[in-house]
Amino acid sequence: MAALQGKRVAVLVENQYQEMELWYPVYRLREEGAQVTLVGPRAGETYTSKYGYPAKAEAAAADVRAADFDAVIIPGGYAHDHMRRHTAMVNLVREAHRQGKLVAAICHAGWMVASAGI
């Protein structure tokens, strides 16, 4: 059995994300059995990386709850500057922290954590 079988992880996405900081965690977590959901401001919308690579949000931040996940991962790049403008995305991070969930911020994504008051 994979080490993370049954775990649910939200990976936040917005424009200008850093490719390796989004895709590497997504693929590795999935390889270990986690159910990974790309969460953006709008479900079904495609967000592009700093170099134009697409990532399609599978869920909107306003439509999910921290209780739906075991962890929230925030990739770096410049995406956090866009994420911080969406109240639902900030609230998701804040609530995950309040519930004792793992909140991981990669590189500059620490600004998103700061915006959530953590």
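A residue is called buried here when its relative accessible area is under 20%. With that in hand, a friendly place to start in this predicted model is helix α1, where E19, E21, L22, P25, V26 and L29 are the buried residues. The cover over these residues includes β1, β2 (35–40), β4 (54–56) and β6 (71–74).

The helix itself can be checked for length. After α1 comes G33, which has a positive phi near 100°.

Next comes the sheet. It is open and built from five strands with parallel pairing, in the order β5-β2-β1-β6-β7. Its edges are β5 (59–60) and β7 (102–105), each of which pairs on one side only. Four bridges link β6 and β7 in the parallel sense, and A71 has L102 of β7 as its bridge partner.

Between β1 (8–12) and α1 (19–31) runs a loop that holds E14. This residue is buried but forms no salt bridge: R42, the nearest side chain of opposite charge, is 5.2 Å away, and a salt bridge requires a distance within 4 Å. The side chain of E14 does make a polar contact of 3.0 Å with that of H86. Beyond its neighbours within four places in sequence, E14 is in contact with P41, Y47, T48, A79, H82, M83 and H86.

Conventions
Residues numbered from 1 in each chain as written. Predicted model: local features only at pLDDT ≥ 70, side-chain atom pairs only at ≥ 80, totals over all residues. Heavy atoms only, no water. Helix = DSSP H or I, 4+ residues; strand = E, 2+ residues; numbered from the N terminus. Buried < 20%, exposed > 50% of the residue type's maximum accessible area, 1.4 Å probe, protein only. Lys, Arg positive; Asp, Glu negative; His and termini not counted. Polar contact = N/O pair within 3.5 Å; in protein donor to acceptor, adjacent residues only side chain to side chain. Contact = heavy atoms within 4.5 Å. Pairing = 2+ DSSP bridges.
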